[in-house]
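User: Got a model open and I'd like to talk it through. Can you walk me through what the atoms say?
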Amino acid sequence: MSSRTRQWLSLVGIIWLQSINGTNSNFPAYSSQLKQILSISQVQLNNLAFASDAGKLFGCFAGIAAIYLPVWLVLIIGSTLGLIGYGVQYLFVTNQISSLICWINTVCYVVAIRNFPSHRQVVVGLTTSYVGLSAKLYTDIVDAAFSSSPIERAKAYLHLNSILPVIVCVIAAPLAREVDVGRPRNMKVGFISMFVITIATGVYAVISSLESISSKSSSLSKIIGMGVFLVAPLLIPIIEKSYGIMYDFTIEENEGVESMEDGVDIKEREEAEEVRVVDIIKEEIGAKVMLTRLDFWLYFFVYFFGATLGLVFLNNLGQIAESRGYSGTSYLVSLSSSFGFFGRLMPSLMDYFFSRTKYMISRPASIVVLMAPTAGAFFLLVNSTDLSLHISSAIIGVCSGAITSIAVSITTELFGTKNFSVNHNVVVANIPIGSFLFGYLAACLYRKEGNGHGKCMGMECYKYTFIIWGSLCFFGNFLAIVLYARTRKFCRQKV
């Protein structure tokens, strides 16, 4: 099997891993039932959500492991930790060690960056988008295969969270491995094909999540449809192996003739291209030095008040819907998950098609643009209508997903690729911190407005939480503007 075929197979493996990696994103679908089963308060439920995210505090260990261990072993370690953590929770004991997401994410990022050095930003963004489908995928499986009893559904989610990642990691480990890719080649046809498949997957996910359509189609047909779209990327390495059309040899040959006529060798062009890729990195530094940089702390808190705050909202989506008297929690989870998919995909599309044009704005500027509607969505939630809940969930899903995807590229641009696996895990360590602080704030305000029995109904339950979250997000928007101003000169040099 050629290295080019293995290169595309590694991309397929990453997609499969990311599609099941968002195990914490389905938490709102069963949080209310879990609260009832364990007879816990809203504050204790928040602690449980924090515990599920707490593994990210130790994500640097996943980064170190990715440097010294084979990626397949890192996958097995991560999936085993998830099996233990969610398995224990499945037995009704509080989960404390579920760091599954960090380990799988680290492997996916490392393989993508090393196997696609000339297109790393595109590949990372494209594959990360599939994390946005995790909640929908798990919800469709539960709808299709398990009882409609709320308590049984909660058990089903925990059961899937523990075993499905292990199964997929075993299947994908032989695919998601480092490949000696050799010299850069024209991969335009392959990437366009992958984008078409990915967009079609997202469109199907959104359409099948719409309440009017979802009620008319069976749960089994929805999961079969998702399965077909997840297998579809295999067509690219299969075609590459059979026909070799993923690389446009005719164009390469023409370029070779033209370069010879101009007295320039192709090899020199490729070396120049490699230099150009390296030049877009501001500096290569490790975690210790990174922690001394002002840009890092600005970036850290921008993420903290943006993507992390959006994640906390999604973690609380089940309780928010219940307090408003809205019964379609699974629909909301699927909706936010599907829009989060497009949010994560959008930066990759923009980077591939517009990165070398005057219409492309820098990544720090993109975050500035995304933070404003996120803040507005929190204030829109003060409105009591179901429509405002739907719109806000979609906006927060899109913007949080896009910020998460862009953040991977910003980490490599500002701090380099050599220590990326450790550096980015340091950045996302703010997620469990935010999960605890923002979630605890929401839980305390919820308890204050409650009826004394651990339950609160009405708009007052989260009204002040939304106002505070929206204000914090606006402050994060201000920090994003400062980060953009500090990196503007560097970003202009890139273009």
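**The nonpolar patch**

Analyst: Helices here are DSSP runs (H or I, at least four residues; strands are E, at least two), numbered from the N terminus. Bear in mind that this is a predicted model, where local features need pLDDT of at least 70, side-chain atom pairs count only at pLDDT 80 or more, and totals for chains, interfaces and linings use all residues. Residues are numbered from 1 along each chain as its sequence is written, and side-chain values use heavy atoms, with hydrogens and water left out.

User: Which residues make the nonpolar patch?

Analyst: I192, V196, M346, M350, F353 and F354, covering about 500 Å². A patch takes residues with over 30% relative accessible area and no salt bridge, joining nonpolar side chains (Val, Leu, Ile, Met, Phe, Trp, Tyr) within 5 Å and like charges within 9 Å. Areas come from the Shrake-Rupley method with a 1.4 Å probe, and for residues only the protein chains shown count as cover.

User: Which helix gives the most to the patch?

Analyst: Helix 19, with four residues. M346 lies in that helix, and M346 counts as partly exposed because its relative accessible area is 36%. The cut-offs are under 20% for buried, over 50% for exposed, and partly exposed in between (1.4 Å probe, protein chains only).

User: How do helix 8 and helix 19 pack?

Analyst: Helix 8 (residues 134–145) and helix 19 pack at an angle of about 145°, with their axes 7 Å apart. Axes are lines fitted to C-alpha atoms over the stretch in contact, and angles run from 0 to 180 degrees between N-to-C directions.

User: And which residues meet there?

Analyst: From helix 8, S134, A135, K136 and T139 meet S330, V333, S334, S337 and S338 of helix 19. Contact means heavy atoms within 4.5 Å.

User: New topic: how many salt bridges are there?

Analyst: The count comes to three, where a salt bridge is a side-chain nitrogen of Lys or Arg within 4 Å of a carboxyl oxygen of Asp or Glu. K136 pairs with D140, with the closest N and O atoms 3.1 Å apart. Both sit in helix 8, four residues apart, about one turn of the helix.

User: Are K136 and D140 buried or exposed?

Analyst: Both are buried.

User: What about D295, which residue does it bridge to?

Analyst: R486, at 2.6 Å between the closest N and O atoms. That pair links distant parts of the chain, with D295 in helix 17 (residues 294–315) and R486 in helix 24 (residues 460–494), 191 residues apart. D295 counts as buried because its relative accessibility is 7%, whereas R486 is partly exposed because its relative accessible area is 44%.

User: And where are R363 and E413, which also meet in a salt bridge?

Analyst: Their side chains meet at 2.0 Å, N to O. This pair also links distant parts of the chain: R363 is in helix 20 (residues 363–380) and E413 is in helix 21 (residues 386–415), 50 residues apart. Both are buried.

User: Last one: what's the secondary structure of the whole chain?

Analyst: It comes to 24 helices and zero strands. Buried residues make up 56% of the 495 residues.
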